[in-house]
Amino acid sequence: MATAAFPLETATTDSGSLRRVALDPLSRVEGHGKVTLLLDDAGQVQQARLHIVEFRGFEKFIQGRPYWEVPVMVQRLCGICPVSHHLAAAKALDHIVGADDLPPTAEKLRRLMHAGQILQSHALHFFHLSSPDLLFGFASDAARRNIVGIAAAHPEIARQGVLLRRFGQEIIRLTAGRRVHGTGAVPGGVNRALSRAERAQLLAEIDQVIAWSRQAVQLVKRLHAADPELYDEFGTSRSNLLSIVGAGGVLDFYDGRLRARDADGRLLADAVHVRNYAELISEEVKPWSYMKFPFLTAIGPQEGWYKVGPLARMQNCDAIATPLAEAERREFIAHGGGRVIHAPLAYHWARMIEMLHAAEAIKDLLHDDDLSGSELRSSGARHHEGIGVIEAPRGTLIHHYRVGDDDLVTMCNLIVSTTHNNQPMNEAVRRVAQRHLNGHELTEGLLNHIEVAIRCFDPCLSCATHALGKMPLQLELQDASGRVIGRQGSAPADLSSAAGST
Amino acid sequence: MNAPSLLLDGLPVPFSDGQTIMEAATVAGIFIPHLCHHPEFKPQGSCKLCTVKANGRYVSACTMPAKDGMEVENNSPDLNDKRRTLLQMLFVEGNHFCPSCEKSGNCLLQALAYELEMLTPHFTQFYPDRPVDASHPEVLLDFNRCILCELCVRASRDVDRKNVFALSGRGIGKHLIVNAESGRLADTGFSLADKAAHVCPVGVILEKRQGFLQPIGCRRYDLQPIGMQVGRPPATGSSEQGS
Ligand code: SF4
Ligand code: FES
């Protein structure tokens, strides 16, 4: 199969005459992201690449470890969405222990835990990490462009963001046992139910949480309405879409079958059992990137790449099962005017609709007495192989394990959301570089445009790079011989205090 | 005649003949940190966590017989500093990553680290890479966490009469082995019902497929610090899980 090649992926001009610009992280924690731009003498972008050094140590590390340890151990992979890994691993291991039908109590508790995770991660992603760019402007004063600046200028928005996230974390704490390194999901089910008192405690806050989530959707809609050209065009590129879709075609973060659509919304694949993921998608290796580029096998690498995450899910499903979010979904679809929305900034809109759905789903679940049931686990005939797929906040997350008769893991393969979105993020970077950087003096504000584009998909690349909530980029100007002739750092978006406390 | 007594941190503690300082303190409800000591087994005095100062000399409370009028210093900054250092050395010498360890909350080493306020490992991690022994159908051995307390050795030898475990090597190379030609637990007479399956104070000897069935937060040392559980034998194997 021919290797896929995209405009601006590789410069066609003789590279000897080009100036290299690298946006490099200031601190490297196991893995990192880097953007390199090659500019010609007129300052025109000739090549733009997002390199993500994926942290693959876990797959190796977990080999030879007992399978029951995996759902807890795997949370070390990501500081932002550890619960997604926790649940994807538990789902894969359900099959290993023969628990293909979980007791309702177990399934609903896991769904609640996951909804809490979606809520907290989406709130963090939007309010803490993205709202400064959106509310102040992409090139605004870098010193103010953070959650502290938001708290000063828009105290109510900042407060709601913080409290929404805290509510999600509280759900995680109560279902998983801890806010980080929770142990709630175990192979075959869960290890504890929620008491009525715990449900009542959460229910006391849920209407407020739903109200704030609605306001968050309205906020994003106002941003779109205020500058439709920017919001519809910024970094936009057409691609296929991939996600799991729940029974009856509804938006489902926890379980379902794989569905893919093309860039015009036509179904390419539907109801694909997650166990057949390896037939649906393949991964391309490129010499310049450590991270692979997944694509739909039937279509090939050139045309088969796809987006995952809120934007894909919102347009892949047929409906949302909760009324407020469903009404918002319809409005969102209507915004596309019959066409699929591909704009990266629309990720935030879809993300806030998902947060609203999570909040509504949490309310429904909390009223369900099954949450306080006593049948926590099931089991059956053992299998040697298990695959678990879940819609993590940033997109489809696949966990695949083989386990020997001695209970030790012999093989682990993970495909994380960041990897699925590798090509879409690269494309977004190229569009933004071409549209906003071409011919300009490269300032911090302009370079932040590139980060803004990446951040639509992923706040910090942390689940691929293990970089725990940091995406600080550094600009390096190099001459043709590779000598650094200038250096400029963007304000490091240090989230360690925010992300570290997940 | 009055019962003999010693002075433990200034408090008179009576004891009966033949008791060690540790035993006398335990009866009196006073906590002396320890790892290799277990009330059901002959003391062996190897971990030195229980070091106290008796009449001005450093001794192991678990082996030193109590003497009438003895002045014993236990809960002092000096001794706790030394104990903390011992814990730090144990932590770095093995792989003790508590957040994802299934023994968390039931682990004596972790409980002591909390009790003695060990905040960092201080020393450079060794990161040993010791393969686990998963050959036995019911019990897993994760040697990465062994602190060489020899409780399993004593239990298997003295109670189970099977001699399944032994220490081999010396100094820093000292390690736990399984007494079988293959070195595999499956090739011994070991069974989950053995005493030795339930004495490991850390996460080496583990009943399989238990993992995190017992929620974190409801485990023994999650509920009450170890210093307030004087007299209860240490949390051991998975038999204790769920209690
Ligand atoms: S396996 Fe456990 S009981 Fe045996 S020596 Fe090691 S730490 Fe002690
Ligand atoms: S408890 Fe006394 S030396 Fe170990």
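This is a predicted model: local features need pLDDT of at least 70, side-chain atom pairs count only at pLDDT 80 or more; totals for chains, interfaces and linings use all residues.
1. Helix 7 of chain A contributes Ile210(A), Arg214(A), Val217(A), Gln218(A), Lys221(A) and His224(A). They meet Leu324(A), Glu328(A), Glu331(A) and His335(A) in helix 11 of chain A. By class, this contact has three nonpolar, three polar and four charged residues.

2. How do the two helices lie? Helix 7 of chain A spans residues 196–226, and helix 11 of chain A spans residues 323–335. Their axes come within 11 Å and cross at roughly 10°. Angles under 35 degrees count as roughly parallel. Helix 7 and helix 11 of chain A are therefore roughly parallel to each other.

3. Now the confidence in chain A. Its mean pLDDT is 87. A value of 70 or more is reached by 87% of its residues. Two stretches need care. Residues 25–31 of chain A stay under 50, and the model gives this stretch 21 contacts beyond four places in sequence. Residues 483–502 of chain A are also below 50, with 57 contacts beyond near neighbours in sequence.

4. Turn to chain B. Its mean pLDDT is 92, and 95% of its residues reach 70 or more. Where does the pLDDT of chain B fall below 50? This happens over residues 237–243 of chain B. Beyond near neighbours in sequence, that stretch has 20 contacts in the model.

5. Chain B is assigned domain 1 (5–75) and domain 2 (85–242). The centres of the two domains of chain B, taken over C-alpha atoms, are separated by 24 Å. The domains also touch: 19 residues of domain 1 of chain B are in contact with 26 residues of domain 2 of chain B.

6. Which residues surround ligand 1? One run in chain B is Cys146(B), Ile147(B), Leu148(B), Cys149(B), Glu150(B), Leu151(B) and Cys152(B). Leu176(B), Cys200(B), Pro201(B), Val202(B) and Val204(B) complete the list. By class, the shell has 11 nonpolar, no polar and one charged residues.

7. Last, the overall scores. The model has an ipTM of 0.89 and a pTM of 0.90.

Definitions and conventions: Residues are numbered from 1 along each chain as its sequence is written. Chains are lettered from A and ligands numbered from 1 in the order in which they are written. Side-chain values use heavy atoms; hydrogens and water are left out. pLDDT is the predictor's confidence in each residue, from 0 to 100. Contact means heavy atoms within 4.5 Å. A residue is near a molecule or strand if one of its heavy atoms lies within 4 Å of it. Ala, Val, Leu, Ile, Met, Phe, Trp, Tyr, Cys and Pro count as nonpolar, Asp, Glu, Lys and Arg as charged, and the others, Gly among them, as polar. Axes are lines fitted to C-alpha atoms, for helices over the stretch in contact, and angles run from 0 to 180 degrees between N-to-C directions. Helices (H or I, at least four residues) and strands (E, at least two) are DSSP runs, numbered from the N terminus. Angles under 35 degrees count as roughly parallel, over 145 as roughly antiparallel, 65 to 115 as roughly perpendicular and the rest as oblique. Domain bounds come from an automatic or database domain assignment.
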